[in-house]
Amino acid sequence: MHIVFAGGGTAGHINPAIAVAGYLKQVDNKCKISFIGTERGMESRLVPLAGYDFYTIDVSGFQRKLTIKNIGRNISAAYKAVASSFASKKLLKKLNPDVVVGTGGYVCGPVLREAAKLGIKTAVHEANAYPGVTIKMLAPLVDVTMVGMEDALKNLKPKNPAIVTGNPIRQSLTAVTKYEAREKLGIPDDAKVLLSFGGSLGARAINDAVLEVIKYNLNAKEFIHFHGTGKSAYTEFLQRAEDFGYTEDNKNVKILEYIDNMDVMMAAADVVISRAGAMSVNELQVCKKPSILIPSPYVAENHQFHNAMSLKKINAAELIDEKDLNGETLLSTVKALICDRDRLETMALACEATAIADADRRIAEIILNLVKK
């Protein structure tokens, strides 16, 4: 059995595929798994690290904003679109897979189209609440369309009825209890705990607003606050916080460059402030964590806003648009939420009611059923 995954560009497109590949290997360690991506995307680093065969094609997306520079880029993208189709067909004939699975990004377009033409079983998985252009185009062509969030269904026209599978999450996040996490961190059981971060690289807007929360809590000491600044922002952020009186031995506020024990931090938290990537949103659901979501406005299709809305509308999260974000709005939202135990319980229950904790198994079983067919 040989399964090929195609997707990439961002970690959100490739990490779910790697998680499902890992589950498939657990089910059948003789199963051959390969990945197709681009040399430029994160997949070129993440896939070899995970130990899978990795092949590349050269493809890029079209620019929607018409400028002189983008016209040139679109001419190049058009040439690559044709060339990548020929390259995909040649590569698929060489690999001879039983199933090809697309997980988003420009690269999965030509690969899945050519696989369908060759009569190979095909499937795609859309992680976000609002589908990307490539998945929208592929849904009418492939055998199976899977979605991580139910809201995606209304914007797809699949050949066969789409299946809600959820998104694969890091299983380590559910391995630590709240009690165990707080014991490891030396936090009292009855303390109120806030966790905030803007991603591995940080997010300037979130960091600026969080500074006001830290400034307030250094004096008020109403809750324990852990904040991950991101590598690029750490030094400047620390200096600004020190101007407010922050020191590294402070017991109420801990500023970190990167949160490398997310399983423990997430388990200990009462409220989480974060972006609204598909994986982050699903992890919050599975971990039953009330959240304040600040969608990035700099992503395709504004999909983080739609991801955040999927939790907001079921009363599992608060949403602050980045254009409305400042220290005052964030602090008032935190104060209103973290002290309201009844509301936090309601939000946690809303997360639990909609969470899918076994997405990797569900997706893997769908793929295996395609192989059997």
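I began with helix H7 (residues 204-220), which lies across S8, strand S9 (224-228) and S10 and runs at about 155° to S9. For the record, helices (H or I, at least four residues) and strands (E, at least two) are DSSP runs numbered from the N terminus, and angles run from 0 to 180 degrees between N-to-C directions of axes fitted as lines to C-alpha atoms, for helices over the stretch in contact. I note that this is a predicted model, in which local features need pLDDT of at least 70 and side-chain atom pairs count only at pLDDT 80 or more, while totals for chains, interfaces and linings use all residues. Residues are numbered from 1 along each chain as its sequence is written, and side-chain values use heavy atoms, with hydrogens and water left out.

I looked up the strand order and found six strands in an open sheet, S10-S9-S8-S11-S12-S13, with parallel pairing; two strands count as paired if DSSP finds at least two bridges between them. Strand S10 (253-256) and strand S13 (317-319) stand at the edges with a single partner strand each, so one side of each is left without a neighbour in the sheet. On average, neighbouring strands here are turned by 15° against each other, direction ignored. I then followed S8 (residues 193-197) and S11 (residues 271-274), which pair in the parallel sense over three bridges, with Leu195 opposite Val272 in S11. Helix H12 (residues 327-338) lies across S8, S11, strand S12 (291-293) and S13, and runs at about 160° to S12.

**Entry: nonpolar cores**

Which residues have the most contacts inside the largest nonpolar core? I list Leu195, Phe226, Met262, Met266, Val272 and Leu293, in a core of 31 residues. Such a core is a set of buried Ala, Val, Leu, Ile, Met, Phe, Trp, Tyr and Cys residues joined through side-chain atoms within 4.5 Å, where buried means under 20% relative accessible area, exposed over 50%, and partly exposed in between (1.4 Å probe, protein chains only). At least two residues of this core come from each of S8, S9, helix H9 (262-268), helix H10 (278-286), helix H11 (303-312), S13 and helix H13 (341-354), and H10 gives the largest share, four residues. For Phe226, setting aside neighbours within four places in sequence, I found contacts (heavy atoms within 4.5 Å) with Leu185, Ile187, Val193, Leu194, Leu195, Ser196, Lys254 and Met265. Another core, of 30 residues, lies apart from it and includes Leu218, Phe223, Tyr234 and Ile273.

**Entry: Ser291**

Ser291 has its place in strand S12, and I find this residue buried, with a relative accessible area of 0%. Not counting residues up to four places away in sequence, Ser291 touches Val272, Leu284, Leu311, Ala316, Ala317, Glu318, Leu337 and Met347.

**Entry: helix H8**

In helix H8 (residues 234-243), I noted Tyr234, Phe237, Leu238 and Ala241 as buried. They cover an arc of only 100° around the axis, which puts them on the same side of H8; the arc is that of the directions from the helix axis to the C-beta atoms. Thr235 and Asp243, on the other side of H8, are exposed. The buried residues of H8 pack against H7, S9 and S10. After H8 comes Gly245, whose phi is positive, near 105°.

Most residues other than glycine have a negative phi.

Strand S6 (residues 144-147) runs parallel to S7 and is joined to it by two bridges, with Met146 opposite Ile163 in S7.

**Entry: cysteines**

How many disulfides does a search of the whole structure find? The search gives zero, a disulfide being a pair of cysteine sulfur atoms within 2.5 Å. For Cys108 the nearest cysteine sulfur, that of Cys31, is 20 Å away, and Cys108 is buried, with a relative accessible area of 0%. For Cys339 the nearest cysteine sulfur is that of Cys351, 19 Å away, and Cys339 is partly exposed, at 44% relative accessible area.
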